[in-house]
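Thank you all for making time this morning. I would like to walk you through one model and stay with what can be read from its coordinates and its database record.

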Amino acid sequence: MSKETKKTKMPEQNPKERISNFDEVTLGYSAEDAINEAKRCLQCKNPLCMQGCPVEIDIPDFIALVAEGKFAEAAQKIKEKNNLPAICGRVCPQEEQCEQKCIVGIKNEPVAIGRLERFVADYVRDTEVIEGVMKQEKGKVAIVGAGPAGLTAAADLAKVGYQVTIFEAFHEAGGVLTYGIPEFRLPKEIVKDEVDKIKQLGVEIKLNHVIGKIKRVDELFEDGYDAVFVGTGAGLPRFLGLEGENLNGVYSANEFLTRVNLMKAYRFPEYKTPVYVGKRVAVIGAGNVAMDAARTALRLGAEESMIVYRRAREQMPARAEEIHHAEAEGIKFKLLNNPTKILGDENGFVTGMECIKMELGEPDDSGRRRPVPIEDSEWIMDVDTVIMAIGQSPNPILLKDSPEIETTDWGTILADDRTGKTSKEGVFAGGDTVTGAATVIQAMGAGKRAARAIDEYIQGSNK
Amino acid sequence: MYKIIAKKELAPKIVKFKVLAPKVAIKAKPGHFLIVRVDEQAERIPLTIADYNRKEGNVTIIVQEVGYSSKEICALEEGDSFLDLVGPLGEHIETENYNKVVCVAGGLGAAPLYPKAKSLVGEGTDIISILGARTEELVILEDDFDEISNQLYISTDDGSKGHQGFVTDVLKDILEDNDDIDLVIAIGPMIMMKFVSELTKEYGVNTMVSLNSLMVDGTGMCGGCRVTVGGETKFACVDGPAFDGHLVDFDEQLRRQKFYNEHEKLADGHSIGGEGCRVKRN
Ligand SMILES: Cc1cc2nc3c(=O)[nH]c(=O)nc-3n(C[C@H](O)[C@H](O)[C@H](O)COP(=O)(O)OP(=O)(O)OC[C@H]3O[C@@H](n4cnc5c(N)ncnc54)[C@H](O)[C@@H]3O)c2cc1C
Ligand SMILES: Cc1cc2nc3c(=O)[nH]c(=O)nc-3n(C[C@H](O)[C@H](O)[C@H](O)COP(=O)(O)OP(=O)(O)OC[C@H]3O[C@@H](n4cnc5c(N)ncnc54)[C@H](O)[C@@H]3O)c2cc1C
Ligand code: SF4
Ligand code: SF4
Ligand code: FES
């Protein structure tokens, strides 16, 4: 056991350099770093860290293997439970999950579980062989949406012997991992690689299939599927309803990031989809999505890229690490400011944004101090691009054709937290479409629980 | 891959393709569109389903060369394939319960209009059609419309065929002479749909237009296709593309369509390294 109080540092690209490329910001551990960090783990008898991992990774066991330098075996150990380790190791909010519970974290910095997971997954990436495909004779399952929830459910069901087909609306699998989270945080090659490994388990992915349009959920049952898992995410962008919101230069974060990530507009005109980024960019909101949009704008040539948020710094919902990265890159934070109007020129392009200053008042229901506008404090921010990153709701396309699937007032699907069961027989759901925009690991956990429930459901109904 | 089984040039720079897509053909209805991608580097391009054959499992699209991507599509040959094709997208339109409908097409608008007109006729509706174009050789689908229309008018800007002037001139005469028109459907350039809608408003005749907003996903997840209809923001790809012409803010749409004009010139020129882009290339 080592006496280091702090996590082993992970090298990263210098901020000055990285703002002119889309290469990954953090560079990953060396074998030596990994072994050193693994030695900080106390190998607890009752490992609290595991309670914080929704996909139930055997954390002390895999870390013990890393400490011994048995990286391939460590990878095997992780893969028993997690089919997307290279992704989770990069984007899991570990500080709120496994690492928050780690016992070492009480006095010192917790063991860097996420970094170790990433190291192990990367280490075996090119050498790993997927063992033979299971016989697919237990039944047929249709999965809608190839995001983390759908991919996890698919992999788990294939592993226990189901014939699984994923239907994905886009021309590429991955969901937000592919169209939302930028290349510099999660290289698309890694997503592709982990998706390929899920295909090697025998899972079929049908791209360009919008369920609700090309097929209704009912028709999937007619086609012989025994159960359907809905993992369609929360893709519907919200806007503020401000005057000027439809001017040229106002984007939803979804559109901006989809153009850049999925359509590779950052390599325009080699790739043919354009993206417009002006000189001064304001991103409304302060979550992970907002940080991604602001950092992307900077890399596309914006001279100034700003986060505009109506609350204060302590209340920003983004991960601390992402805020830190954004700040190091020169993103400006205009806190306690709320946009009230977007201004444009005669050709319909954005020329500025009116904001009102805010102050913190009494705490609201969530216990956060509510921001209240300061009277007559409007001012005009000089910007030519505005990106709305104020949240998303579930996309209603699938539900429109399946009204029997009950939803909440928020448009999310009503599903049992433990099983993913919906109000419609044989239909299960999980991920952002049930919880509203959340995290990759929560979506994966839901996919995992639903896979178990689907197995029980089909076995039960076959009797 | 989605194979092109037939290609035909209808007019200079206007090409008709039949594409194998059996599952899309089964679900296609008038008003639907699809999105295609030619290859890995290509944009996602929305195109109306101009016709469909469920038995043979194919859909027809009619494409006009206007910029880089449409040119790339028009260069495809019989036997080539689209890498991606997704559909049917959008809300289909209902064609029941109309007695008399005027169908107004501006240029290529005849293509998206055709399946709607055909479906109306199938429901027993009388239709009067107006096909407008800049010049004679750009008039498309004349025979197809002739076959299904009770009356067919042609108008060209230069007078090389039919009436010389705009489709709105012909439409005005029709509205003067007929007080039993249930609906006008107008599809064509934004500016033409705007003027048709202004005219029909004067006569109090319901009007449907089909918007060709800029789109990315076509499933309601980007909001790039926003349009103000009756003061409310709608997404053309899922709430439309057909809307009540009297409620659409056309001026906003006209501005939004020009958003990427500068970029398109760059794509067309194929040059590498977007202006102002900080990203270095190796
Ligand atoms: C920019 C951004 C950054 C983020 N950063 C992080 C982060 O750092 N860490 C983290 O943990 N979380 C992050 N998140 C949140 C995380 O990505 C999501 O919580 C997670 O992806 C949800 O997974 P999902 O499988 O439920 O849905 P999604 O990933 O949204 O996948 C849903 C899939 O379903 C498809 N689909 C939708 N409707 C249909 C239909 N009718 N038919 C067929 N297919 C359909 C969609 O195309 C999509 O591919 C981020 C989100 C965004 C937008
Ligand atoms: C629902 C829908 C259905 C459509 N149906 C058809 C169809 O059946 N046949 C067809 O040929 N086209 C159709 N379009 C338009 C077609 O998608 C565009 O012409 C195409 O995207 C232009 O791409 P480009 O790269 O060739 O041209 P660009 O280089 O992008 O543009 C060249 C010129 O065309 C204008 N333009 C760009 N996009 C559009 C657009 N969406 N609508 C109108 N003008 C545009 C630009 O302002 C510019 O002046 C449809 C669009 C939508 C949204
Ligand atoms: S998957 Fe996420 S929560 Fe689980 S161990 Fe890995 S980093 Fe921690
Ligand atoms: S709680 Fe921390 S120290 Fe204990 S086993 Fe888990 S990672 Fe190791
Ligand atoms: S095209 Fe993206 S929401 Fe309509």
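Which residues does Ile62(B) touch, not counting residues up to four places away in sequence? With contact taken as heavy atoms within 4.5 Å, Ile62(B) touches Leu10(B), Ile14(B), Val15(B), Lys16(B), Ala50(B), Leu108(B), Ala111(B), Ile140(B) and Leu141(B).

Before I go further, please keep in mind that this is a predicted model, in which local features need pLDDT of at least 70 and side-chain atom pairs count only at pLDDT 80 or more, while totals for chains, interfaces and linings use all residues. Residues are numbered from 1 along each chain as its sequence is written, chains are lettered from A and ligands numbered from 1 in the order in which they are written, and side-chain values use heavy atoms, with hydrogens and water left out.

Ile62(B) is found in strand E6 of chain B, residues 58–64, where strands (E, at least two residues) and helices (H or I, at least four) are DSSP runs numbered from the N terminus. Ile62(B) is buried, with a relative accessible area of 7%; buried means under 20%, exposed over 50% and partly exposed in between, using a 1.4 Å probe and protein chains only. Gln64(B) also has its place in strand E6 of chain B, but Gln64(B) is partly exposed, at 27%, and touches Lys13(B), Ile14(B), Ser70(B) and Leu108(B), again leaving out residues up to four places away in sequence. An unreviewed UniProt entry lists Ile62(B), Val63(B) and Gln64(B) under "binding site", and such annotations may be inferred rather than shown by experiment.

Finally, helix H2 of chain A, residues 31–38, has Asp33(A), Ala34(A), Glu37(A) and Ala38(A) as its buried residues. The buried residues of H2(A) pack against helix H3 (59–67) and helix H7 (113–123) of chain A.
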